[in-house]
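Good morning, and thank you for joining this group meeting.

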Amino acid sequence: MSKSVSVHTLGCRVNMYESCAIAEMLQERGFKVSKNKQCDYYIVNTCAVTAESERKSRQLVRRCSTKGKVLVIGCASQIDSGYKDIENVIYIGGNRNKTAVVECIEQHIKNEFSTVHSVIPMDNAPYEEMSLSGESDVFSECRAFIKIQDGCNGKCTYCIIPKCRGSVRSREAESIISEAKRLVTNGYKEIILTGIEVGAYNKVPLGDLVSMVSKTNGLYRLRLGSLSPNIISERFLSKVSDLDNFMPHIHLSLQSCSDKILTAMKRPYRKKDIYERVSLIRDYIPDCQISADIIVGFPGENEDDFNETVSALKELDIFHVHSFPYSEREGTPAAEMINSVPKSVRSQRNGILIKECQDIKNKILDSKINKKLKVLVEKVNDGVAIGHTEEFLEVKIIGDEFSVGEIVEVKAVSHDEGSLNCELIGRLAK
């Protein structure tokens, strides 16, 4: 009987992509890959973006170690050597040569392997080629991610990721295009190009890469992962705005709209740049919806700084905000800053921001009532189909007659809890 392996992932979409690629490699070599059942081996792809992420990573490794042999990879194990002290951990890697875990399991089965601590510094790390076929049952949805780059050259004072991931490395455009063709051939209608710092992709201009991938025959929808405002330019927008399958939604990694806080964070733009980039987006893609990441309660943030961010988000009509209270991350300059905001204030401000941003979203959802929308069905649960519009607004449609992966036309009739409730008009693509 073949050995079974469970692959667990914490953190970002890049980690998810890499875990899927490893799972496919395991299946190709005859292993049974299972998410929930008791297994012989457990691979844990860890995260270290916050101290809480590291704690959850250690907790998951310990939990898996009570069930079978564990192999640890990812950001947390790249910077924390403590995993070697956990019983049943047989391999510790980091973010370099992640796919080595597959060979390690094979060697362990043959009794040709002893416990290994193989964390290699990320200095001058090459790009590790991985790809997905979409042929296996690793994916369960109709949306596929393609990793296009790794690493970050940023110096943001709150972020540990450059230490974990190394400097920017980009994947060859031909490899990305080949993967897109495979995924679409195997039924995926939407592709999202992702990376640690998507805008840092440097084999060709990012707009050119998007244009090349968009030509994939049968690709209905193409999106990008989170972008820094710096990547938004007339050249980039002129490229993507002409593409029929580039979706009118852009997610910006803003973090704040206060110049004082952006300076303390060492973000490479200021408030006026944010306004200019958002205005430019809407000049080229008038129906584009914009979402954003915001950190609340960064050291030194006062009420005026916070209110400046809230006001800017309202003025810019940011339809969705992923906001979270600042969390000290040991090993970053921000963790040593003396003008800390009390945690209770961070939490309170975050609640206020969420409420204000929900009001913005409700206004935008109101504007969609009685409008016709195109939706990719991503899930069907208990008689309700769930998916997203081209602008990435969440939609619910009553009915059992839907199948995951089809594209339908609907009419919005109401909204609640941040989702549009819609009626089916017609089917556009199976």
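I start with helix α7, residues 206–214, which is mostly covered: 8 of its 9 residues are buried. Buried here means under 20% relative accessible area, exposed means over 50%, and partly exposed lies in between, with a 1.4 Å probe and protein chains only. Helices (H or I, at least four residues) and strands (E, at least two) are DSSP runs, numbered from the N terminus.

Before going further, a word on the basis of these values. This is a predicted model, in which local features need pLDDT of at least 70 and side-chain atom pairs count only at pLDDT 80 or more, while totals for chains, interfaces and linings use all residues. Residues are numbered from 1 along each chain as its sequence is written, and side-chain values use heavy atoms, with hydrogens and water left out.

Returning to α7, its buried residues are Leu206, Gly207, Asp208, Leu209, Val210, Ser211, Val213 and Ser214. What do the buried residues of α7 pack against? Their partners are the strands β7 (143–150), β9 (190–195) and β10 (221–224), together with the helices α6 (173–185) and α8 (234–240). Contact means heavy atoms within 4.5 Å.

Let us take one of these partners, α6. Two packed helices are described by the angle between their axes and the distance between the axes. For α6 and α7 the angle is about 30 degrees, and the axes are 9 Å apart. Axes are lines fitted to C-alpha atoms, for helices over the stretch in contact, and angles run from 0 to 180 degrees between N-to-C directions. The crossing of α6 past α7 is right-handed; that term applies if the near helix is turned clockwise from the far one by less than a right angle, and left-handed if anticlockwise. From α6, Ala173, Ile176, Ile177 and Ala180 meet Leu209, Met212 and Val213 of α7. By class, this contact of α6 with α7 has 7 nonpolar, no polar and no charged residues. Ala, Val, Leu, Ile, Met, Phe, Trp, Tyr, Cys and Pro count as nonpolar, Asp, Glu, Lys and Arg as charged, and the others, Gly among them, as polar.

Helix α6 also holds Lys181, which counts as partly exposed because its relative accessibility is 48%. Lys181 and Gly218 are 37 residues apart in sequence, and their C-alpha atoms are 8.6 Å apart in space.

A further helix pair is α1 (residues 13–28) with α4 (residues 100–109), packed at an angle of about 35 degrees with axes 9 Å apart. In this contact, α1 contributes Ile22, Met25 and Leu26, and α4 contributes Val101, Val102 and Ile105. These residues divide into 6 nonpolar, no polar and no charged.

I turn now to two loop residues. Most residues other than glycine have a negative phi. Asp317, not a glycine, has a positive phi of about 55 degrees, and its place is in the loop between α11 (303–315) and β13 (320–325). Glu417 has a positive phi of about 50 degrees and lies in the loop between β17 (407–416) and β18 (419–429). With a relative accessible area of 74%, Glu417 is exposed.

Finally, the whole chain. The protein chain has 12 helices and 18 strands, and buried residues make up 54% of its 430 residues.
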